[in-house]
Amino acid sequence: MMRRLIARFWPGKPSAQPVVCRPDEHPVRRDQVSYGARTVTRRLQDAGFKAFVVGGAVRDLLLGLEPKDFDIATDATPEQVKPLFRRAFIIGRRFRLVHVHVGNEVIEVSTFRAPQKAEESTDEHGRLLSDNVYGTQAEDAARRDFTINALYFDPATEEVWDYVGGVADVRARRLKLIGPPTTRFREDPVRMLRAVRLATKVGVTIDKRTAAPIPKLAPLMANVPPARLFDEMQKLLLSGHAAETLKSLRAHGLSHGLLPLLDMILEQPMGQKFIDVALAHTDRRVREDMGVSPAFLFATLLWHEVLAQWNAAKAKGDKPLPALFDAMDRVLEQQAERIAIPRRFEATIKEIWSLQPRFEQRAGVRPFRLVEHPRFRAAYDFLAIRGESGEVDPSLVDWWTRFQDASQEAREAMLKPDEAPRGKRRRTRGRGRHAREEGTAPPAAGDAESE
Ligand code: ATP
Ligand code: MG
């Protein structure tokens, strides 16, 4: 009773004892937890340890959403967890956890962790450099980010254990940092991004006290390693709510540090329209489980900056193709200072961009080559977004939509007259091959398209 009162009047202050929410006080049932997570918690408990489902999964279940995965928290150390399972692997060097494989599921099991003392392990801005000490369950709750992310569900008893007032915040659909917001954001500025992402994703409102310091602290994002920002941005952009989240990021003043180029793009109406169309397209694909490539997404986010730099170079009289490649390199370099796009994505991004001018060529053999390019599909989807946003004539998109599905004869009939200077003309494949057999046409491979 007393604890409930304290929790009520001192929200956000972690307590040493949990408020235990009985099954008749909340809607979550054990059969909503995956088979793997139930198996793992049961086996840990049978061996005498504490074990709970924790974090995003409990939050999602309480909110009536379907969790993406189930994480387990326990007082057993990784060395104690591992021998209890046939297929369990200790991973991570700095903070060790156990991956337990149950059927097709991989369940992440982490030992209760304590927050480290700020003075021992923060940089000059208050950012935590490590958190690596085992702790009690209460400490484990307190070191988490938001109250609704710090709830523990025991599948055996169907109880929810709450050290931080998270159940009340779920009911109020409120996202609230545990502890003093400014300190917690300083410790880890990525929490600002997470606040905006999670609020949009699960449909809750960021608490006023949590939201208040964000615009002022936003510049701290500059100290977050670019690789970590890439991971968070990827989660954000592939959430199925990218368009809405980006709007919210801008409203909280968070987009500047992240995507400096994106800011410039969004300032021009054409760029804004393009991003809106691209994100709506991505969100639709995510929601329909169609798979989205991060490379495609980053290619769309940065395209208008490439266009701007490319057009400027062409206006100065630079040759179109080399100017495009220069612009691509410059944009990726500028972006890499903030968010590290992995190299393997960069290659794909460049391919998607560099194929764009080839859609203009609709004469001779070139369109036949383009549809067979391994990146044709991605480049065509990209062209469609350019069409929908008004950057290119929709009739061009329409032509390629028909061309790729047409028969050989129909394709030949669709070709435009060749307006290239005589020496540079390319014949259609059929005619070219025929002519070559007669020994009159030059070989078709390795020509201007690979410029
Ligand atoms: P999602 O459903 O998008 O995965 P999530 O809340 O599960 O959301 P994860 O990144 O999987 O996010 O993190 C799992 C849990 O770890 C969180 O619920 C939270 O308790 C804790 N956590 C994650 N990131 C932080 C952070 N930056 N600071 C403190 N705790 C964090
Ligand atoms: Mg998660």
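Predicted model: local features only at pLDDT ≥ 70, side-chain atom pairs only at ≥ 80, totals over all residues.
Residues are numbered from 1 along each chain as its sequence is written, chains are lettered from A and ligands numbered from 1 in the order in which they are written, and side-chain values use heavy atoms, with hydrogens and water left out.

**Entry on the ligand**

I found that 16 residues surround ligand 1, the closest being R59, K68, D188, R191 and K201; a residue is near if one of its heavy atoms lies within 4 Å. I then looked up distances between N or O atoms: a nitrogen atom of ligand 1 is 2.7 Å from the side chain of D188, a nitrogen atom is 2.9 Å from that of R191, and an oxygen atom is 3.0 Å from that of R194. Taken alone, ligand 1 exposes 590 Å², and the protein buries 83% of that (Shrake-Rupley method, 1.4 Å probe). Helix α9 (190-202) is among the elements that give two or more residues to this shell, and α9 supplies the largest share, five residues; helices are DSSP runs of H or I with at least four residues, and strands are runs of E with at least two.

**Entry on the aromatic rings**

I counted as pairs the rings of Phe, Tyr and Trp (its six-membered ring) with centres within 6.5 Å, calling planes under 30 degrees apart stacked, over 60 edge-to-face and the rest tilted. By this rule there are 18 aromatic pairs, and one of them, F359 with F376, is tilted, at 6.0 Å centre to centre and 50° between the planes. F359 counts as buried because its relative accessible area is 0%, and F376 is buried at 5%; buried means under 20%, exposed over 50% and partly exposed in between (1.4 Å probe, protein chains only).

I next looked at W399 and F403, whose ring centres are 4.8 Å apart with planes at 10°, so the pair is stacked.

Methods. Polar contact = N/O pair within 3.5 Å; in protein donor to acceptor, adjacent residues only side chain to side chain.
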